[in-house]
Amino acid sequence: MNDHNSMSDLPAFRRRGGLRGRSLIPVGGERDVSVNRVPRDILPLPPEETQRNVSWRPGIFGALDIGTTKMTCLIGKGEPDGSIQVLGHGWRRSHGIRSGSIVDIREAEAAIRATVGQAEESAERRMDSLVVNLSCGRPLSRLVDAQIPIGGREVTAGDVQRLIAEGQARAWMEGREVIHTLPIGYVVDSIPGIADPIGHQCEELATRMHVVDMNSSALRTLDAVLQHAELKLDGLVASPFASGVSVLAAEERELGVTVVEMGGGTTSLAVFCEGKLLHTAQIRVGGLHVTRDIAGVLSTSLETAERLKTMYGAAQMGSDDQREILSVPLIGENSDRLVRLQRSKVISVIQPRIEETLELVRQSLDNAGLGRLANGRVVLTGGASLLEGIVPVATRILGRPVRMGKPQNIYGLPETAAASAGFSTAAGLLAWAAGADRDFGDISVPEPKPRGLVKRLVGFIRNNV
């Protein structure tokens, strides 16, 4: 009986024991916790309800990631347990693409046909439409404010549609096409943070929207290339947005995180907070620039430079790198001769370019105008992020906690888990097509906006009468 009483006198966290209990003991020993500290009465939060599985759309979907160095097509479906199953994949080297943009229509069409055809053969299913990544057309990210009068009555779904239309009209720019319209939150009579204003009584309804747009001519070119390949554009998703969908946990997106997608021709980033996409940006430097640096300095072919980067490259120098000797074939007059050099020579070419890229990422985040919202954890993903030692270098330069990101809850990708970061965008596109877009409330633009001021006024009157 005495033993029972002595045990019940201990604080609750000590009775539970184990690592979790010990983690609450201050550094310096256990003596003061059980003797001097008085247990406090604590009212715990009610337990969370069991989280439901993701509700995917029925059917089979296709996604196409058009990258500068590779194209990836995934065909798959959502499973009842919340995962995505890849039924077929195509993965080929890109042609006709430079820095994310289509520069040779015929080569790009042929590469798309081959990639999608390979995926269709693997899945034993023909696809007519695909969700495609947005990396061309100089995508831009902006925040747009809009407000409409309500007049003291209850907010309806029609009011929300009018508000979004007003924001889209404000966001319209000549020669640009809106791709994403993402309401960050609603304001009801100066009360912010309203997730869904329908049913609220107010005088004025306002919102701040995150808009991502692109060059209209680039969109028309992309659509034409897909049509030539007998495919329909079912949706566009900004590349870092898609990567964030696949590599981030919901809690990370809620607390605040930046995804840095390091591709072959570009490095793009997306800032998430409170479950919303707040900002995207694109830097026209990627892994292919590292490859070209190696080829130029060592006078070797791009093929050899790529192999050196992937097999022996690193983002920072190691202690044994000077002792490891590599044999590198030259190009030009001495193409039949091999030159022997230290691995440290290859890394000395790679390191400055990686540091420059990360410094550009840091500047982009500092200039985004998001303040502390852009100071959270950074998640690196994309094929160019697979360099050895890149996490400590990124942590030092960005001044933020950094981790590597790989696609989550997707099975059947065309590469091993160790290299799956190179398929983050494609995985996110497939998840988006299957229903992940519902979590972000993306609102598609219903139709082109009237160009003239009078026509816009007439359209506004027609929609509000």
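Start by selecting strand β1, residues 61-66. Six of its six residues are buried, so β1 is largely enclosed by the rest of the structure. Buried here means under 20% relative accessible area, with exposed over 50% and partly exposed in between (1.4 Å probe, protein chains only). Strands (E, at least two residues) and helices (H or I, at least four) are DSSP runs, numbered from the N terminus.

Before you go on, note that this is a predicted model, in which local features need pLDDT of at least 70 and side-chain atom pairs count only at pLDDT 80 or more, while totals for chains, interfaces and linings use all residues. Residues are numbered from 1 along each chain as its sequence is written, and side-chain values use heavy atoms, leaving out hydrogens and water.

Now colour the two faces of β1. F61, A63 and D65 lie on one side, G62, L64 and I66 on the other, and all are buried. In a regular strand the side chains alternate between the two faces of the sheet.

- Strand β2 (residues 70-78) pairs with β1 in the antiparallel sense over six bridges. The two form a hairpin with three residues between them, and A63 stands opposite L74 in β2.
- Strand β6 (residues 129-134) runs parallel to β1 and is joined to it by two bridges. Look for L64, whose bridge partner in β6 is V132.

Move on to the largest nonpolar core, which has 38 residues. Such a core is a set of buried Ala, Val, Leu, Ile, Met, Phe, Trp, Tyr and Cys residues joined through side-chain atoms within 4.5 Å. Select I294, V346, I354 and L380, the residues with the most contacts inside this core. Helix α12 (residues 343-366) supplies the largest share, seven residues. A second, separate core of 34 residues includes L74, A242, L277 and A434.

From there, go to S385, in the loop between β17 (377-381) and α13 (390-398). Is S385 buried or exposed? At 1% relative accessibility, S385 counts as buried. A polar atom of its side chain lies 3.5 Å from the backbone oxygen of T381. Leaving aside neighbours within four places in sequence, S385 is in contact (heavy atoms within 4.5 Å) with M262, L380, I390, M404 and A421.

Finish at M404, in strand β18 (residues 402-404). M404 is partly exposed, with a relative accessible area of 26%. Its C-alpha is 6.2 Å from that of T381, although M404 and T381 are 23 residues apart in sequence.

Terms used:
Two strands pair if DSSP finds at least two bridges between them. A polar contact is a pair of N or O atoms within 3.5 Å; within protein, one must be able to donate a hydrogen and the other to accept it, and residues adjacent in sequence count only if both atoms are side-chain atoms.
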